[in-house]
Amino acid sequence: MGKGKYEILEMMPTPNDYLALNYSVGWEKVPHEPSIETALQNSLICFCAMDGEKLVGFVRVVGDGSICFYIQDLIVHPDHQRKGIGSSLMDAVIKYIKKNAATTAFVGLMAAVGVEPFYEFYGFKRRSDIRPGMDMLLKRDDNINHTGDN
Ligand SMILES: CC(C)(COP(=O)(O)OP(=O)(O)OC[C@H]1O[C@@H](n2cnc3c(N)ncnc32)[C@H](O)[C@@H]1OP(=O)(O)O)[C@@H](O)C(=O)NCCC(=O)NCCS
């Protein structure tokens with residue numbers, strides 16, 4: 001638990017609550033709303049910060065559950081920031097990874113500009129210029145048989 005009255009629960013939020021929290025911090029990135037439930041379900045673990053019935057913070061971990069983990073979607077609603085919720089969510093994530101990781105595991109995340117000090121506290125380091133991160137948005141190819149038969 002953080003400094004306040006908030007509860008950190010291991011659970012999946014509803015897609016609507018997840019979206020509302022994303023929008024609250026200006027993240028309008030969700031490419032395909034009907035896929036959110038599947039995406040959340042396929043996470044290794046989800047943690048919600050609750051103020052009573054209200055979702056005020058969220059984080060999830062994706063990855064292989066052994067040697068490779070990515071921390072995804074760490075969000076605290078602007079009305080509830082700087083009250084220790086983000087730290088409590090990160091504590092839950094680190095505890096989960098330490099319990100489930102192979103002896104040594106890679107833990108990655110994408111930090112927003114300015115938020116790096118928050119993550120540095122947990123031991124994350126900025127990537128060097130000779131090992132930059134890269135990403136892309138890839139469109140599904142509807143000519144491919146998605147049943148996995150081909
Ligand atoms: C980043 C974020 C999750 C932090 O959550 P939070 O609940 O406000 O964080 P905490 O209250 O636990 O902060 C603990 C300490 O981390 C540091 N910290 C918190 N937010 C920070 C920020 N935005 N930048 C730099 N340091 C920060 C401070 O030292 C803070 O201690 P203090 O309040 O005593 O000064 C929250 O600001 C957020 O949701 N931001 C928008 C979405 C986002 O950028 N998410 C991160 C994805 S990269």
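A residue is called buried when its relative accessible area is under 20%, exposed when the value is over 50%, and partly exposed in between, using a 1.4 Å probe and protein chains only. By this scale Arg82 is exposed, with a relative accessible area of 82%. The model described here is predicted, so local features need a pLDDT of at least 70 and side-chain atom pairs count only at pLDDT 80 or more, while totals for chains, interfaces and linings use all residues. Residues are numbered from 1 along each chain as its sequence is written, and side-chain values use heavy atoms, with hydrogens and water left out.

## The strands and their pairing

Helices (H or I, at least four residues) and strands (E, at least two) are DSSP runs, numbered from the N terminus. Two strands pair if DSSP finds at least two bridges between them.

Strand β1 (residues 7-10) pairs with β2 in the antiparallel sense, over four bridges. In this pair, Ile8 stands opposite Ala49 of β2. Ala49 also stands opposite Gly57 in β3.

Strand β2 (residues 45-51) is joined to β3 by seven bridges, and the two run antiparallel. Met50 stands opposite Leu55 of β3. The two strands form a hairpin with two residues between them, and Gly52 in the turn has a positive phi of about 65°.

Strand β3 is in turn joined to strand β4 (residues 68-76) by six bridges, again running antiparallel. Here Val61 stands opposite Ile71 of β4. The hairpin of β3 and β4 has four residues between the strands, and within this hairpin Gly65 takes a positive phi near 75°.

How enclosed are strands β2 and β3 by the rest of the structure? Six of the seven residues of β2 are buried, so this strand is largely enclosed by the rest of the structure. Val62 lies in strand β3 and counts as partly exposed, at 21% relative accessibility. Val62 and Cys46 are 16 residues apart in sequence, and their C-alpha atoms are 9.1 Å apart in space.

## Two residues with positive phi

Asp73 has a positive phi of about 60° although it is not a glycine. This residue is in strand β4 and counts as buried, at 6% relative accessibility. Arg82 likewise has a positive phi of about 60° without being a glycine. Arg82 is found in the loop between β4 and α3.

## Cysteines

A disulfide is a pair of cysteine sulfur atoms within 2.5 Å. How many disulfides does this rule give? The count comes to zero. Cys46 is in no disulfide, and the nearest cysteine sulfur, that of Cys48, is 6.7 Å away. Cys68 is also in no disulfide; the nearest cysteine sulfur to it, that of Cys46, is 17 Å away. As for accessibility, Cys46 is buried, with a relative accessible area of 6%, whereas Cys68 counts as partly exposed at 24%.

## The ligand and its surroundings

A residue is near a molecule or strand if one of its heavy atoms lies within 4 Å of it. There are 19 residues around the ligand, of which Val76, Arg82, Gly84, Gly86 and Ser87 come nearest.

The shell around the ligand then divides into twelve nonpolar, five polar and two charged residues.

A polar contact is a pair of N or O atoms within 3.5 Å; within protein, one must be able to donate a hydrogen and the other to accept it, and residues adjacent in sequence count only if both atoms are side-chain atoms.

| Residue (backbone atom) | Ligand atom | Distance |
|---|---|---|
| Val76 | oxygen | 2.7 Å |
| Lys83 | oxygen | 3.2 Å |
| Gly114 | nitrogen | 3.1 Å |

Taken alone, the ligand exposes 880 Å², and the protein buries 74% of that. Such areas come from the Shrake-Rupley method with a 1.4 Å probe; for residues, only the protein chains shown count as cover. The elements that give two or more residues to the shell around the ligand are β4, α3 (85-100) and α4 (116-120).

Key. Nonpolar A, V, L, I, M, F, W, Y, C, P; charged D, E, K, R; others polar.
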